[in-house]
Amino acid sequence: MASPTTIQDVQTILTQPAGCRLIVVKILTSRPGLYGLGCATYTQRFHAVHTTIEKHLKPFLIGRDADRIEELWQMGMVNGYWRNGPVLNNAISGVDMALWDIKAKRAGMPLYQLLGGKCREGAAVYVHADGKDRAEVAENVHKFREQGYQHIRVQMGGYGGRAARLHKPRGAPEGAYYAPREYCRAMLDMIEHVRAAVGPDVELLHDIHERLRPIDAIAFAKAVEPFNLFFLEDPLAPEDLEWFRNIREQCATPIAMGELFNHPREWTPLIQDRLIDFIRMHISQMGGLTPARNVAAFANMYGIRTAWHGPGDVSPVGHAANLHLDLWAPNFGVQEWCRFNDLVYDLFPGTPEVHNGYMYPNDQPGLGIDINEDLAARYPCTDEVIQWTQTRAPDGGPVRP
Ligand code: MG
């Protein structure tokens with residue numbers, strides 16, 4: 001029997017080429033030149049993930065057999081006894097994806113081949129159209145359609161919108177304010193306008209970003225039903241999962257949920273009871289390719305599709321992992337896409353490319369992506385107190401971002 005391929009080093013690369021702090025794990029093996037990359041990006045708490053990898057996972061992993069991905073995932077998750085938190089899950093994801101990358105490189109195959117091979121040649125993506133008013137949103141939808149996109153998410157003034165007439169109390173602190181009830185009225189008006197302007201053929205999506213009270217989210221899902229959304233994203237917070245049944249019983253607006261999920265107990269009941277239509281975890285946040293593959297197969301048994309989280313705070317390595325799952329999964333739905341700039345393509349050679357609304361693989365062995373570490377070092381991560389998550393209701397009280 002050939003000697004095992006062992007883990008020789010676990011490195012953490014931090015870089016910020018385009019706004020978000022990205023964390024990439026690089027695992028070096030006992031075979032000269034053979035290494036793998038994984039995404040561990042938790043942009044808001046990147047120091048904590050970095051420390052977890054360097055001080056806890058690296059000593060645990062050095063010298064182990066790089067082929068035993070499943071065993072290392074299971075042991076890595078329980079080795080610290082307490083488990084399923086965002087810092088640990090992201091750290092494990094970096095290792096997990098890198099080990100899958102290594103295994104597929106050894107096989108000489110793109111990673112989707114190890115999952116079972118392709119069900120499709122490219123993954124349909126959705127992009128984000130925004131605007132200061134409903135006319136500008138419609139104009140931006142039109143521009144994306146001309147570029148070949150068939151799925152377009154429509155927002156106005158970012159998440160929650162900008163409340164036009166905030167009625168604040170004296171002494172209200174600074175913050176990212178929004179008015180939930182006004183948001184409902186403005187967004188419904190915008191979506192009605194955009195649908196009338198662009199016609200029935202384009203698939204429209206909208207993200208509530210869990211900013212409404214549950215009863216307002218139910219009313220919104222009902223009111224938006226005539227405009228035939230492809231899906232309504234995050235209508236409820238993970239803390240309010242029991243309310244999904246109320247939405248389901250009252251309308252047929254397709255529901256997507258999951259980017260904040262940490263724990264199997266969060267997604268399992270929604271899938272088993274068929275309370276959502278799209279499962280859309282942030283793959284590094286759930287622990288990597290190993291759990292994502294399992295959840296895709298589980299959701300497929302219940303007729304639920306995938307729509308993995310794909311914003312700018314997923315590294316290009318994470319986007320490559322999303323793409324391999326998308327190409328394989330029989331129940332793939334749509335892939336969120338953030339349209340990286342040219343610098344990101346230079347820094348991460350092999351970053352997935354999108355043409356005419358579809359994302360394509362490059363068919364290199366493994367994840368098909370690399371990192372230019374010299375270039376990455378020229379864009380170090382910055383420390384700052386994050387403002388957009390300091391969200392407040394009109395009376396100044398803190399609310400979920
Ligand atoms: Mg979202």
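These legends describe close-up views of a predicted model.

**View 1. The largest cavity.** The largest cavity has a volume of about 80 Å³. It is one of 2 cavities of 30 Å³ or more. Its lining is made up of L57, F60, L61, I69, L72, W73, G76, I92, V95, D96 and L99. By class, the lining of the largest cavity holds 9 nonpolar residues, 1 polar and 1 charged.

**View 2. The second largest cavity.** The space in the second largest cavity comes to about 40 Å³. Around the second largest cavity sit C39, M97, H282, I283, S284, H309, V314, G318 and N322. Two or more lining residues come from each of α10 (283–286) and α12 (316–328). The lining of the second largest cavity splits into 4 nonpolar residues, 5 polar and no charged.

**View 3. C20, a cysteine without a disulfide.** The structure holds 0 disulfides. For C20, the nearest cysteine sulfur belongs to C338 and is 8.1 Å away. A disulfide needs the two sulfur atoms within 2.5 Å, so C20 is in none. C20 counts as partly exposed, because its relative accessibility is 21%.

**View 4. C251, also in no disulfide.** C251 is in no disulfide. From C251, the nearest cysteine sulfur, that of C184, is 13 Å away. C251 is buried, because its relative accessible area of 11% is under 20%.

Conventions:
Residues numbered from 1 in each chain as written. Predicted model: local features only at pLDDT ≥ 70, side-chain atom pairs only at ≥ 80, totals over all residues. Heavy atoms only, no water. 1 Å grid on protein atoms, 1.4 Å probe; cavity = no way out; pocket = protein on both sides within 12 Å on 5 of 7 lines; lining within 4 Å. Points joined across faces, edges and corners; volume = space filled by probe spheres on them. Nonpolar A, V, L, I, M, F, W, Y, C, P; charged D, E, K, R; others polar. Helix = DSSP H or I, 4+ residues; strand = E, 2+ residues; numbered from the N terminus. Buried < 20%, exposed > 50% of the residue type's maximum accessible area, 1.4 Å probe, protein only.
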